[in-house]
Amino acid sequence: MTSAPIVVHRPSPMGGRRVTVHSHGHDEILGTAYSDHDLVVFLAASGVQDPDSILDDDLWIEWRGGPPHQWSAA
């Protein structure tokens, strides 16, 4: 398990990034985010309080395979 419970995976060739959360011993796919707004909506729906405030917090979110807030393939 990563130290951050939420992982934003690398951008897909078609755009967007899969978002997973590690909870209760397993990973759950929240969906594919195409923007920071999508990510905030997913996090709020999964119960994260004030999700806007954690987007750049390494203790909460690990951005894999690309820089934070990049939603399209390079």
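**Close-up views of a predicted model**

View A. Not counting residues up to four places away in sequence, F42 touches V19, L30, G31, T32 and A33. F42 itself lies in helix 1. The C-alpha atoms of F42 and R17 are 12 Å apart in space, while the two residues are 25 apart in sequence.

**View B. The largest nonpolar core.** This core comprises 15 residues. Within it, the residues with the most contacts are I6, V8, V19, L39, L43 and I61. Two or more residues each are given by strand 1 (6–11), strand 2 (17–23), strand 3 (26–33), helix 1 (36–45) and strand 4 (61–63). The element that gives the most is helix 1, with 3 residues.

**View C. Contacts of L39.** L39 is among the residues with the most contacts inside the largest nonpolar core. When its neighbours within four places in sequence are left aside, L39 is in contact with V8, V19, A33, L55, I61, W63 and W71.

**View D. Pairing of strand 2 and strand 3.** The two strands pair in the antiparallel sense, over 7 bridges. In this arrangement, H22 stands opposite D27 of strand 3. In a regular strand, side chains alternate between the two faces of the sheet.

**View E. The hairpin of strand 2 and strand 3.** Between the strands of this hairpin there are 2 residues. H24 takes a positive phi near 55° in the hairpin.

Key. Residues are numbered from 1 along each chain as its sequence is written. This is a predicted model: local features need pLDDT of at least 70, side-chain atom pairs count only at pLDDT 80 or more; totals for chains, interfaces and linings use all residues. Side-chain values use heavy atoms; hydrogens and water are left out. A nonpolar core is a set of buried Ala, Val, Leu, Ile, Met, Phe, Trp, Tyr and Cys residues joined through side-chain atoms within 4.5 Å. Buried means under 20% relative accessible area, exposed over 50%, partly exposed in between (1.4 Å probe, protein chains only). Helices (H or I, at least four residues) and strands (E, at least two) are DSSP runs, numbered from the N terminus. Contact means heavy atoms within 4.5 Å. Two strands pair if DSSP finds at least two bridges between them.
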